[in-house]
Every structure is written in structure tokens, then in C-alpha cells.
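Open the model in your viewer and keep the selection panel at hand. Each stop below gives a selection and says what is there.

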Amino acid sequence: MSNSGELEGVGDLKRGLIYIFISDLLSSVFYVSGFITHSASPIVEVVSLLIGLVLAVMALMNLRRGFTTLSSMGKGGSLGASGVMLIVVGLAIALLGILLMFIVLLGGAAVAIMGLVIVIVGFVMIGVGFYSVGSAYNNSTLKIGGILTALFFVPFLPLVGLILDYVGLGEVEGQLRASQASQPGAAPTVSPPTL
């Protein structure tokens with residue numbers, strides 16, 4: 001049934017956003033606590049870095065899977081899936097550039113900057129992906145969230161956009177569940193709500 005596939009895709013996108021929110025919250029807590037105490041334990045820094053890395057990987061995997069699922073059903077999101085891949089490639093290039101800085105300072109810095117530009121383009125494409133999903137479902141909250149997410153250079157707007165993306169996905173999920181329940185002859189399904 002197409003609704004169940006769409007629900008799965010929307011659920012993946014919501015989970016990806018939850019991982020982003022948790023990662024941002026944890027990094028903010030570690031940053032503020034380190035700033036207040038004027039010292040951060042190397043162990044705490046390594047652990048927070050590893051947790052952030054795991055959450056980032058989980059976020060990207062869920063976002064890519066969600067965008068790919070919805071795109072395959074004609075519900076937008078193909079640019080979002082491509083944006084996730086650009087972020088992965090951009091991060092790899094940026095990491096390579098940082099490592100090269102130990103050998104050739106200027107050359108490594110140039111490679112790192114190129115990687116960061118690719119990450120930014122990928123993030124903008126994710127915003128466009130959310131907008132296209134919102135357009136497919138005629139959901140204005142998701143469309144506005146996608147636009148704000150794509151405005152990567154404006155402080156705080158991408159965060160507001162991601163929150164609106166999450167709210168809009170919840171609205172879409174509710175519409176899909178209502179549509180699924182109203183189909184004649186449809187057996188009731190019991191599935192846990194997604195985050």
C-alpha cells in the first residue's frame with residue numbers, strides 16, 4: 001500500500017531531524033559547560049565528539065532513506081537525497097583538507113574550504129528537498145520550513161526551518177494516517193508513532 005511506504009519515508013525524515021536536534025542540544029550543552037568552567041576534560045571532549053559523530057551519521061542515513069523513499073513515490077525529495085550525499089562528500093573533503101594542513105598549510109586550507117562549501121550546498125539542497133516534499137503534500141508549514149532550512153547563511157533561520165520541517169512532517173503523517181484509516185476494506189494497522 002502506497003500510504004504505508006509514504007509513512008515510512010516521512011517517519012525516516014522525522015527521525016533524521018530528531019537526531020539533528022539531539023546532536024545540536026548535546027553540542028550546545030558541552031560548549032556552554034566548557035565555556036562556564038573555562039576547562040573541558042579531553043575525555044569529555046572525545047566522548048561528545050564521538051556521540052555527535054554517531055548522531056550525525058544516523059541523521060544523514062535517515063534523511064537519505066526518507067527522501068529516497070518519498071522521491072521514488074513521486075512525492076518530492078530527490079534533491080534532498082542528493083544533498084545528503086553532497087554533505088557526506090563535502091565532510092570527507094574537508095577532513096582531508098584539515099589533514100593536509102599539517103603538510104601544506106595553504107593547500108590544505110583551500111581543500112578544507114572547498115569541502116565546507118560542498119557541505120553548505122548540500123544543506124541548501126536538503127532545504128529544497130523539504131520544500132518539494134511540502135509541495136507534493138500541499139503542506140505550507142513544510143514548504144516554509146524548507147525555505148528557512150535552505151537559508152544556511154542567516155543565523156538561527158535554519159534551526160527554525162528544521163523545527164517547522166518536523167512540525168510539517170507531523171501534519172503530513174497525520175493526513176496519511178487519516179487517509180489510510182478511511183480507505184474502504186483497509187485492515188486496521190497498529191504501528192508505533194514515529195518521533
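In which helix is the place of V84? Select V84: its place is in helix α3. Helices are DSSP runs of H or I with at least four residues, strands are E runs of at least two, and both are numbered from the N terminus.

This is a predicted model, in which local features need pLDDT of at least 70 and side-chain atom pairs count only at pLDDT 80 or more, while totals for chains, interfaces and linings use all residues. Residues are numbered from 1 along each chain as its sequence is written, and side-chain values use heavy atoms, with hydrogens and water left out.

**Stop 1: around V84**

V84 counts as buried because its relative accessibility is 2%. Buried means under 20% relative accessible area, exposed means over 50%, and partly exposed lies in between (1.4 Å probe, protein chains only). Show its contacts, meaning heavy atoms within 4.5 Å. Leaving aside neighbours within four places in sequence, V84 is in contact with L60, L63, R64 and I126.

**Stop 2: the whole fold**

Zoom out and colour by secondary structure. The protein has 6 helices and 0 strands. Of its 195 residues, 35% are buried. Among contacts with a separation of 6 or more, 66% join residues 24 or more positions apart. The accessible surface comes to about 10800 Å², and 77% of it belongs to carbon and sulfur atoms. Accessible areas come from the Shrake-Rupley method with a 1.4 Å probe; for residues, only the protein chains shown count as cover.

**Stop 3: the core**

Select L13, L63, F67, I126, F130 and L169. These have the most contacts inside the largest nonpolar core, which has 26 residues. Helices α1, α2 (42–72), α3, α4 and α6 each supply at least two residues of this core. A nonpolar core is a set of buried Ala, Val, Leu, Ile, Met, Phe, Trp, Tyr and Cys residues joined through side-chain atoms within 4.5 Å. Centre on L63. Beyond four places in sequence, L63 is in contact with D12, L13, G16, L17, I20, V84, I126 and F130.

**Stop 4: D12**

Move to D12 in helix α1 (residues 2–37). D12 counts as buried because its relative accessibility is 3%. Its side chain makes a polar contact of 3.3 Å with the side chain of R65. A polar contact is a pair of N or O atoms within 3.5 Å; within protein, one must be able to donate a hydrogen and the other to accept it, and residues adjacent in sequence count only if both atoms are side-chain atoms.

**Stop 5: K75**

Select K75, in the loop between α2 and α3. At 23% relative accessibility, K75 counts as partly exposed. Beyond four places in sequence, its contacts are E6, L70, S132, V133, A136 and Y137. The C-alpha atoms of K75 and S132 are separated by 7.6 Å.

**Stop 6: helix α5**

Go to α5 (residues 140–150), where the buried residues are T141, L142, G145, G146, L148, T149 and A150. Their cover includes α4 (105–136) and α6 (157–182). At the start of α5, a side-chain oxygen of N139 reaches to within 3.2 Å of the backbone nitrogen of T141.
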